[in-house]
Amino acid sequence: MTAVAELPPARGPLSGAVRDILLGSPPDAGPLLDEAASADPFGEDLQLALYLAYEPHYRGFRGVPDTREWDLDLLRLRAALEEAFLGALREAASGADDVSAELDALLVEPVEGRGVSHELMHDGTWERMREYLAHRSLYQLKEADPQAWVIPRLEGQAKASLVAVEFDEFGAGRGAQVHARLFAGLMQGAGLDARYGLFLEFAPAVTLAPVNAMSLFGLHRALRGALVGNFATLEITSPPGARRMAKALERLGAGEECTRFFTEHIEADAVHEQVMRRDVIGDLLDREPELAADVAFGIRASVLLESRWEEHVLGAWREGRSSLRPGAPGISRPAPPR
């Protein structure tokens, strides 16, 4: 049976309304549309509502009929949520349409890095490593699925090359090598439950927002340029971080079942970086130069949301508290056996 997630508790009226729709009890839409327009677009309620609204396009929720995927009440409310989120993203990640400049900036790392992967490499504990994995599981257990939505929206070399990257993400024809499965093995090796969607209830809005942006960009043909920019950002920034995470796990005494996910990404994504830049973005903009502004926006939005997540996690750790919402299972257990 395909793994599906449990519906988490609501965090406010918007996520509560989406939850009700998924369970077959649609509320009055009028007040909710006003609520979506006035809610914090990066806040807990709206971000969870969007995540719940998108999940029927992936594996769905236990007890929710598959037919809810195209429920008109759900789509109507989702459109209002998307409008608020996209508007806020465009404002917060505004800038020029110089794609080359945005890509070049991704390759520059500060001499003294202070990100989450740096922190884990130098001073990380198993508890903080498990927090990191719990956060990342919301995307990594469906790694590259949101980006697959863009495939039918491309043509020519851009399509062929993006599919080549996705082929690697999905294990190059070998089920055991699917990156999402490798991440599940990493979680299990670290002593965590790797069930799909288990940590949704405990993931804060800053963790949900980057995944929601991928779904938003991928499910709208008009945002295909932004999705390509997003995917390029993930591939270009992945190898240095993966290298640090592999070192962090090695320092903690983790086994190969843990480090394999990251060592796989060090080599593969270094190749993907060039493919995405030259063959996907290059060919796409040769065909559709008017999409340059959207590609650049997709890059900036991805960097913005990742920065917000890093600030949240590091801020919590500096204060000696968890960066997850209360109650996340398995985080504080003893170190796994070597």
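Colleague: Is R224 buried or exposed?

Modeller: R224 counts as buried because its relative accessibility is 8%; buried means under 20% relative accessible area, exposed over 50% and partly exposed in between, with a 1.4 Å probe and protein chains only. Please note that this is a predicted model, in which local features need pLDDT of at least 70, side-chain atom pairs count only at pLDDT 80 or more, and totals for chains, interfaces and linings use all residues. Residues are numbered from 1 along each chain as its sequence is written, and side-chain values use heavy atoms, with hydrogens and water left out.

Colleague: Where does R224 lie, and what is it in contact with?

Modeller: R224 lies in helix α12, residues 224–251; helices here are DSSP runs of H or I with at least four residues, numbered from the N terminus. Leaving aside neighbours within four places in sequence, R224 is in contact with V150, R153, F217, E288 and L291, where contact means heavy atoms within 4.5 Å.

Colleague: And N230, is that buried or exposed?

Modeller: N230 is buried, with a relative accessible area of 4%, and N230 also lies in helix α12. Not counting residues up to four places away in sequence, N230 touches Q147, M214, F217, G298, I299 and S302.

Colleague: How many residues apart in sequence are N230 and R300?

Modeller: N230 and R300 are 70 residues apart in sequence, and 8.4 Å apart in space from C-alpha to C-alpha.

Colleague: Let us change topic. At what angle do α5 and α14 pack?

Modeller: Helix α5 (residues 99–106) and helix α14 (residues 292–318) pack at an angle of about 25 degrees, and their axes are 9 Å apart. Therefore α5 is roughly parallel to α14, a term for angles under 35 degrees.

Colleague: Which residues make the contact?

Modeller: On α5 they are V99, E102, L103 and L106, and on α14 they are A292, V295, A296, I299, R300 and V303.

Colleague: How far does α14 reach?

Modeller: α14 has 27 residues and reaches 39 Å from its first C-alpha to its last, close to the 39 Å expected at 1.5 Å a residue; the expected span is 1.5 Å times one less than the number of residues. Just after α14, G320 takes a positive phi of about 75 degrees.

Colleague: Finally, what does A205 touch?

Modeller: Not counting residues up to four places away in sequence, A205 touches R11, F42, G43, E44 and Q47. A205 is placed in helix α11, residues 205–218, and counts as buried at 3% relative accessibility.

Notes: Axes fitted to C-alpha atoms, helices over the stretch in contact; angles between N-to-C directions. Helix = DSSP H or I, 4+ residues; strand = E, 2+ residues; numbered from the N terminus. Parallel < 35°, antiparallel > 145°, perpendicular 65-115°, else oblique.
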